[in-house]
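Open the model in your viewer and keep the selection tool at hand.

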Amino acid sequence: MNHNLEQIKQDYQNIKVPDALKQRVESSISQAKIDSERERIPRGFGGEKSKRAVAFSWFAKGCVGVAAAGLLLTLLVSTSAPIAYAMEQIPVLGTVVRVVTSRVYLSKDKQMEVNVEIPETRIENQDGEVMEEASHALNDTIKAYTDEIIAAYEADVKASGGEGVQAVDLDYEVVTDNDSLFSLQFHQTVTMAGAAQSEKIYHIDKKTGNMITLKDLFAKGADYITPISENIKEQMKTQMEQDDSKSYNLNSDVEEWNFQKISEDVDFYVNQSGKLVIVFDEYEVAPGYMGPVSFEIPSDVISSVVKEGYLAV
């Protein structure tokens with residue numbers, strides 16, 4: 001047995017890498033290093049947290065001596081250029097969604113400030129060609145969403161006459177990136193007397209490159225809303241029975257205040273286990289102290305109505 005394992009190990013180590021592939025990878029890495037030196041991309045922007053920390057540090061220094069009318073900065077940042085460049089030269093299978101740049105809208109006016117991260121994405125087909133229409137559709141949707149947040153902040157600044165106290169923060173993360181779906185989740189926090197949190201998630205079907213909503217995961221005409229909603233109510237009741245600190249909108253004397261069912265445009269994502277997760281904003285189905293809440297839906301609840309290929313059922 002030991003002899004067989006040793007032979008397998010030797011055979012594996014002796015596998016010859018094709019010269020063409022080896023040269024292509026080495027060439028890509030070399031070119032990436034050259035491009036990196038040319039661009040001189042600042043370090044410290046590797047992840048979301050470090051990016052925000054650097055942005056705020058720069059913003060704080062820049063605010064010294066700026067007039068009370070406010071300040072607007074736009075940053076273009078990216079992850080490691082050499083690695084990204086080299087990886088983009090290697091063929092991949094299926095549709096790929098990339099976050100290629102991220103602009104940061106920063107503005108401050110006395111005690112009011114805003115920090116909005118705005119990603120730009122690129123959708124490519126299996127041949128590496130950019131799917132222009134699909135890419136524009138997603139980027140335009142993201143722009144409309146972030147423009148609305150910025151416009152609301154600017155309206156609040158104007159209405160307050162420079163005497164308001166408010167902080168608006170928006171960042172994002174990729175929550176799903178599997179063979180079928182790519183999902184980009186935004187987290188918004190608006191702080192005044194208290195803090196209000198909300199979520200927004202956009203989804204790309206990697207089979208087509210098109211944006212989809214929850215109903216697209218299910219058979220046409222199937223009732224997915226009822227089983228999901230009833231299961232969420234069961235989870236709410238169980239959580240409240242097991243934990244006194246948990247509270248959901250189920251027992252109000254005002255019936256319309258109680259959670260009835262999910263909406264067609266409810267936020268969701270598919271987790272690493274392939275399970276559907278429904279996401280609610282702060283105050284949407286629970287008191288504010290609960291913050292945003294989410295519920296993983298068991299596979300057997302929706303197995304009879306789900307389309308094949310999106311969820312683990």
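Start with the aromatic pairs: this predicted model holds eight of them. Select Phe-218 and Tyr-224. Their ring centres are 4.7 Å apart and their planes meet at 5°, so this pair is stacked. Phe-218 is buried at 1% relative accessibility. Tyr-224 is buried too, at 6%.

Now switch to Phe-259 and Phe-280. This aromatic pair is edge-to-face, with 5.6 Å from centre to centre and 75° between the planes. Where do Phe-259 and Phe-280 lie? Phe-259 is in the loop between helix H6 (225-242) and strand S8 (267-270), while Phe-280 belongs to strand S9 (residues 276-280), so the pair ties together parts that are 21 residues apart in sequence. Check the accessibility: Phe-259 has 8% and counts as buried, and Phe-280 is buried with 2%.

Select Tyr-145, Tyr-172, Phe-186 and Tyr-202 together; they form one aromatic cluster. Then find Tyr-310 and look at what covers its ring. Lys-207 lies over the face, 4.7 Å from the ring centre.

Go back to Phe-280 and show the whole of S9. Five of its five residues are buried. Colour the two sides separately. Leu-276, Ile-278 and Phe-280 are on one side, Val-277 and Val-279 on the other, and both faces are covered.

S8 and S9 run antiparallel and are joined by four bridges. One of the bridge pairs sets Val-270 against Leu-276 of S9. The two strands form a hairpin, with five residues between them. Stop in the turn at Gly-274, which has a positive phi of about 80°.

Val-277 has Glu-296 of S10 as its bridge partner. Phe-280, from the edge-to-face pair, stands opposite Val-293 in S10.

Which residues of S10 point to the buried face, and which to the other? Val-293, Phe-295 and Ile-297 share one face and are buried.

**Helix H5**

Select residues 132-160. This is helix H5, with 29 residues. From first C-alpha to last, H5 reaches 41 Å, close to the 42 Å expected at 1.5 Å a residue.

Show the side chains of H5. The buried ones are Ala-134, Ser-135, Leu-138, Asn-139, Ile-142, Tyr-145, Thr-146, Ile-149, Ile-150, Tyr-153 and Val-157. An α-helix has 3.6 residues a turn, so residues three or four places apart point the same way.

What do the buried residues of H5 pack against? Show strands S2 (96-109), S3 (112-124), S4 (166-177), S5 (181-191), S6 (195-205) and S7 (211-212); the buried residues pack against these strands. Step past the end of the helix to Gly-161, which follows H5 and has a positive phi near 65°.

Most residues other than glycine have a negative phi. Two stops go the other way. Select Lys-110, in the loop between S2 and S3. Its phi is positive, near 55°. Lys-110 is partly exposed, with a relative accessible area of 47%.

Move to Tyr-283, in the loop between S9 and S10. Tyr-283 has a positive phi of about 75°. At 54% relative accessibility, this tyrosine counts as exposed.

**Zoom out**

Show everything. The protein has seven helices and ten strands. Of its 313 residues, 37% are buried. Residues 24 or more positions apart account for 60% of the contacts with a separation of 6 or more.

Finish by colouring by pLDDT. The mean for the protein is 79, and 70% of the residues reach 70 or more. Then select residues 15-92. Here pLDDT stays under 50, and the model has 78 contacts beyond four places in sequence for this stretch. Where pLDDT is low, the predicted coordinates should not be read in detail.

Notes
Residues numbered from 1 in each chain as written. Heavy atoms only, no water. pLDDT = per-residue confidence, 0-100. Contact = heavy atoms within 4.5 Å. Expected span 1.5 Å × (residues − 1). Buried < 20%, exposed > 50% of the residue type's maximum accessible area, 1.4 Å probe, protein only. Phe/Tyr/Trp six-rings, centres within 6.5 Å; stacked < 30°, edge-to-face > 60°. Lys NZ or Arg CZ within 6 Å of the ring centre and 35° of its normal. Pairing = 2+ DSSP bridges.
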